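Me: I would like to learn how to read the features of a structural model, one kind at a time, with the general idea given before each case. Could we begin with the aromatic rings?

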Amino acid sequence: TIAVLLPASRPEEENAAYGTSPDVRRFGIVLAAGTLSATGAFAGYTYIVKFLGDVSGFSTSAVSALFVAFGVACLAGVSITGALLDRFPQAALTTAVATQAVGMLGLYALGAEPVTAVVFLALMGSALGPVFMTTQNAMLHCAPGRTDFALAANSGSYNAGIAAGAALGGLVADARG
(Lines give C-alpha, C1' and ligand atoms only; values in the text may rest on other atoms or scores of the structure.)
Protein backbone atom coordinates (compact mmCIF):
# COMPACT_ATOMS: atom_id res chain seq x y z
CA THR A 1 0.00 0.00 0.00
CA ILE A 2 2.77 2.43 0.90
CA ALA A 3 4.65 1.75 -2.33
CA VAL A 4 1.50 2.40 -4.36
CA LEU A 5 0.77 5.68 -2.55
CA LEU A 6 4.30 7.09 -2.68
CA PRO A 7 4.81 9.76 -5.33
CA ALA A 8 6.57 8.60 -8.47
CA SER A 9 8.25 11.94 -9.14
CA ARG A 10 11.59 13.00 -7.72
CA PRO A 11 11.37 15.26 -4.62
CA GLU A 12 13.13 18.17 -6.33
CA GLU A 13 10.49 18.15 -9.08
CA GLU A 14 7.56 18.80 -6.71
CA ASN A 15 5.92 22.25 -6.48
CA ALA A 16 6.85 22.64 -2.79
CA ALA A 17 10.47 21.49 -3.25
CA TYR A 18 11.83 25.04 -2.97
CA GLY A 19 10.84 28.08 -0.92
CA THR A 20 8.48 30.55 -2.52
CA SER A 21 10.63 33.51 -1.34
CA PRO A 22 14.11 32.16 -0.57
CA ASP A 23 15.89 34.33 1.97
CA VAL A 24 18.97 33.16 3.88
CA ARG A 25 18.66 35.96 6.45
CA ARG A 26 15.00 35.22 7.22
CA PHE A 27 15.78 31.50 7.31
CA GLY A 28 18.38 32.13 10.02
CA ILE A 29 16.05 34.40 11.97
CA VAL A 30 13.24 31.85 11.89
CA LEU A 31 15.59 29.06 12.99
CA ALA A 32 16.92 31.20 15.83
CA ALA A 33 13.44 32.31 16.92
CA GLY A 34 12.13 28.74 17.02
CA THR A 35 15.18 27.43 18.84
CA LEU A 36 15.24 30.22 21.43
CA SER A 37 11.49 29.96 21.92
CA ALA A 38 11.74 26.21 22.56
CA THR A 39 14.72 26.72 24.87
CA GLY A 40 12.89 29.30 26.96
CA ALA A 41 9.63 27.39 27.07
CA PHE A 42 11.14 24.08 28.05
CA ALA A 43 13.43 25.68 30.63
CA GLY A 44 10.27 27.00 32.25
CA TYR A 45 8.38 23.73 31.87
CA THR A 46 11.13 22.00 33.86
CA TYR A 47 9.88 23.50 37.09
CA ILE A 48 6.29 24.50 36.26
CA VAL A 49 4.75 21.80 38.50
CA LYS A 50 6.73 23.05 41.48
CA PHE A 51 5.89 26.65 40.62
CA LEU A 52 2.16 25.99 40.36
CA GLY A 53 2.21 24.13 43.67
CA ASP A 54 4.58 26.27 45.72
CA VAL A 55 3.95 29.74 44.27
CA SER A 56 0.40 29.57 42.92
CA GLY A 57 -0.83 27.31 45.72
CA PHE A 58 -2.45 24.58 43.64
CA SER A 59 -2.74 21.03 44.94
CA THR A 60 -1.13 18.17 43.04
CA SER A 61 -4.49 17.06 41.64
CA ALA A 62 -5.32 20.63 40.58
CA VAL A 63 -1.96 20.88 38.77
CA SER A 64 -2.87 17.74 36.81
CA ALA A 65 -6.17 19.36 35.79
CA LEU A 66 -4.31 22.54 34.85
CA PHE A 67 -2.17 20.53 32.44
CA VAL A 68 -5.32 19.23 30.79
CA ALA A 69 -6.38 22.87 30.38
CA PHE A 70 -2.87 23.64 29.06
CA GLY A 71 -3.31 20.91 26.42
CA VAL A 72 -6.76 22.19 25.46
CA ALA A 73 -5.30 25.70 25.12
CA CYS A 74 -2.57 24.27 22.88
CA LEU A 75 -5.17 22.60 20.69
CA ALA A 76 -7.14 25.85 20.50
CA GLY A 77 -3.98 27.77 19.62
CA VAL A 78 -3.12 25.36 16.83
CA SER A 79 -6.69 25.50 15.49
CA ILE A 80 -6.79 29.30 15.47
CA THR A 81 -3.30 29.56 14.00
CA GLY A 82 -4.13 27.03 11.30
CA ALA A 83 -7.11 29.07 10.23
CA LEU A 84 -5.06 32.28 9.99
CA LEU A 85 -1.61 31.08 8.95
CA ASP A 86 -1.97 31.39 5.19
CA ARG A 87 -3.33 34.93 5.45
CA PHE A 88 -0.87 36.23 8.05
CA PRO A 89 2.25 34.01 7.96
CA GLN A 90 4.76 36.51 9.37
CA ALA A 91 2.39 37.91 11.97
CA ALA A 92 1.51 34.38 13.08
CA LEU A 93 5.10 33.56 14.08
CA THR A 94 5.57 36.87 15.87
CA THR A 95 2.23 36.49 17.63
CA ALA A 96 2.98 32.92 18.75
CA VAL A 97 6.39 33.84 20.19
CA ALA A 98 5.00 37.00 21.82
CA THR A 99 2.06 35.07 23.32
CA GLN A 100 4.46 32.52 24.76
CA ALA A 101 6.63 35.30 26.23
CA VAL A 102 3.64 37.12 27.72
CA GLY A 103 2.38 33.86 29.23
CA MET A 104 5.73 33.04 30.81
CA LEU A 105 6.47 36.57 32.02
CA GLY A 106 2.94 36.97 33.33
CA LEU A 107 3.16 33.70 35.21
CA TYR A 108 6.47 34.82 36.69
CA ALA A 109 5.21 38.27 37.68
CA LEU A 110 1.63 37.46 38.72
CA GLY A 111 1.63 33.70 39.22
CA ALA A 112 1.14 33.90 42.98
CA GLU A 113 -2.52 34.69 42.28
CA PRO A 114 -4.21 31.40 41.22
CA VAL A 115 -6.65 32.96 38.74
CA THR A 116 -3.94 34.87 36.88
CA ALA A 117 -1.71 31.81 37.01
CA VAL A 118 -4.37 29.87 35.11
CA VAL A 119 -4.75 32.66 32.54
CA PHE A 120 -1.01 32.88 31.88
CA LEU A 121 -0.61 29.09 31.84
CA ALA A 122 -3.34 28.96 29.20
CA LEU A 123 -1.53 31.63 27.17
CA MET A 124 1.65 29.54 27.35
CA GLY A 125 -0.28 26.50 26.22
CA SER A 126 -1.98 28.35 23.38
CA ALA A 127 1.44 29.27 21.97
CA LEU A 128 3.30 25.97 22.37
CA GLY A 129 2.08 24.25 19.19
CA PRO A 130 1.78 27.40 17.08
CA VAL A 131 5.43 28.37 17.56
CA PHE A 132 6.65 25.21 15.85
CA MET A 133 3.78 25.23 13.38
CA THR A 134 4.53 28.77 12.24
CA THR A 135 8.28 28.16 11.93
CA GLN A 136 7.59 25.12 9.75
CA ASN A 137 5.30 27.22 7.60
CA ALA A 138 7.96 29.92 7.32
CA MET A 139 10.43 27.30 6.07
CA LEU A 140 8.16 26.67 3.08
CA HIS A 141 8.55 30.34 2.17
CA CYS A 142 12.11 31.31 3.10
CA ALA A 143 14.05 28.09 2.53
CA PRO A 144 17.25 29.09 0.73
CA GLY A 145 17.48 25.62 -0.82
CA ARG A 146 15.17 22.64 -0.81
CA THR A 147 12.28 22.83 1.63
CA ASP A 148 12.77 19.28 2.89
CA PHE A 149 16.23 20.24 4.18
CA ALA A 150 14.87 23.47 5.65
CA LEU A 151 12.05 21.63 7.41
CA ALA A 152 14.53 19.10 8.79
CA ALA A 153 16.83 21.90 9.97
CA ASN A 154 13.91 23.60 11.68
CA SER A 155 12.78 20.39 13.35
CA GLY A 156 16.30 19.60 14.48
CA SER A 157 16.95 23.08 15.85
CA TYR A 158 13.59 23.14 17.64
CA ASN A 159 14.36 19.77 19.23
CA ALA A 160 17.82 21.03 20.19
CA GLY A 161 16.06 23.97 21.84
CA ILE A 162 13.84 21.56 23.77
CA ALA A 163 16.89 19.65 24.99
CA ALA A 164 18.81 22.82 25.83
CA GLY A 165 15.81 24.25 27.66
CA ALA A 166 15.30 21.13 29.72
CA ALA A 167 19.01 21.04 30.57
CA LEU A 168 19.02 24.75 31.43
CA GLY A 169 15.89 24.38 33.52
CA GLY A 170 17.44 21.45 35.36
CA LEU A 171 20.60 23.43 36.06
CA VAL A 172 18.60 26.38 37.36
CA ALA A 173 16.43 24.12 39.51
CA ASP A 174 19.53 22.42 40.96
CA ALA A 175 21.30 25.72 41.60
CA ARG A 176 18.29 27.50 43.10
CA GLY A 177 16.69 24.58 44.91
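**Aromatic pairs**

Reply: There are 4 aromatic pairs in this structure, which is a predicted model. A pair of aromatic rings is described by the distance of the centres and the angle of the planes. In the edge-to-face pair of Tyr 45 and Phe 70, the centres are 5.7 Å apart and the planes stand at 90 degrees to each other.

Me: Why is the pair of Phe 132 and Tyr 158 described as tilted?

Reply: The ring centres of Phe 132 and Tyr 158 are 4.9 Å apart and the planes meet at 50 degrees, so the pair is tilted; the cut-off that matters here is that planes over 60 degrees apart would count as edge-to-face and planes under 30 as stacked. This pair also links distant parts of the chain, with Phe 132 in helix H6 (residues 114-142) and Tyr 158 in helix H7 (residues 147-176), 26 residues apart. Phe 132 is partly exposed, its relative accessible area being 26%, whereas Tyr 158, at 9% relative accessibility, counts as buried.

Me: Which residues do ring pairs link into a cluster?

Reply: The cluster is made of Phe 42, Tyr 45, Phe 67 and Phe 70, linked by ring pairs.

**Salt bridges**

Me: How many salt bridges does the structure hold, and how should I read them?

Reply: Side chains of opposite charge can pair when their charged atoms come close. The structure holds 2 salt bridges. In one of them Asp 54 is paired with Lys 50, and the closest N and O atoms are 2.6 Å apart. Both residues lie in helix H3 (residues 48-54), where a spacing of 4 residues is about one turn of the helix. Asp 54 is exposed, with 55% as its relative accessible area.

Me: What are the values for the salt bridge between Asp 148 and Arg 146?

Reply: The side chains of Asp 148 and Arg 146 meet with an N to O distance of 2.5 Å. Asp 148 counts as partly exposed at 34% relative accessibility, and Arg 146 is partly exposed as well, with a relative accessible area of 22%.

**Burial and the nonpolar cores**

Me: Is Ser 37 buried or exposed, and which residues is Ser 37 in contact with?

Reply: Ser 37, which is found in helix H2, has a relative accessible area of 5% and is buried. Once its neighbours within four places in sequence are left aside, Ser 37 is in contact with Val 97, Gln 100 and Val 131.

Me: Which residues touch the most other members of the largest nonpolar core?

Reply: That core has 20 residues, and Leu 52 and Leu 107 touch the most other members. The elements giving two or more residues to this core are H2, H3, H4, helix H5 (89-110) and H6, with H6 giving the most, 6 residues. Not counting residues up to four places away in sequence, Leu 107 touches Ile 48, Phe 51, Ala 117, Phe 120 and Met 124. A second, separate core has 9 residues, among them Leu 31, Leu 93, Cys 142 and Ala 150.

**A pocket and a loop**

Me: What is the volume of the second largest pocket, and which residues are the closest to its centre?

Reply: Rolling a probe the size of a water molecule over the atoms shows where empty space is left. The second largest pocket has a volume of about 250 Å³. It is lined by 13 residues, of which Ile 80, Thr 81, Leu 84, Ala 92 and Thr 95 are the closest to its centre. H4, H5 and H6 are the elements that give two or more residues to this lining, and the largest share, 5 residues, comes from H5.

Me: Where is Gly 19 placed, and what does Gly 19 touch?

Reply: Gly 19 sits in the loop between helix H1 (2-5) and H2, and at 12% relative accessibility Gly 19 counts as buried. Not counting residues up to four places away in sequence, Gly 19 touches Leu 140, His 141, Ala 143, Gly 145 and Thr 147.

Methods
Residues numbered from 1 in each chain as written. Predicted model: local features only at pLDDT ≥ 70, side-chain atom pairs only at ≥ 80, totals over all residues. Heavy atoms only, no water. Phe/Tyr/Trp six-rings, centres within 6.5 Å; stacked < 30°, edge-to-face > 60°. Buried < 20%, exposed > 50% of the residue type's maximum accessible area, 1.4 Å probe, protein only. Salt bridge = Lys/Arg side-chain N within 4 Å of Asp/Glu carboxyl O. Contact = heavy atoms within 4.5 Å. Core = buried A, V, L, I, M, F, W, Y, C linked by side-chain atoms within 4.5 Å. 1 Å grid on protein atoms, 1.4 Å probe; cavity = no way out; pocket = protein on both sides within 12 Å on 5 of 7 lines; lining within 4 Å. Points joined across faces, edges and corners; volume = space filled by probe spheres on them.
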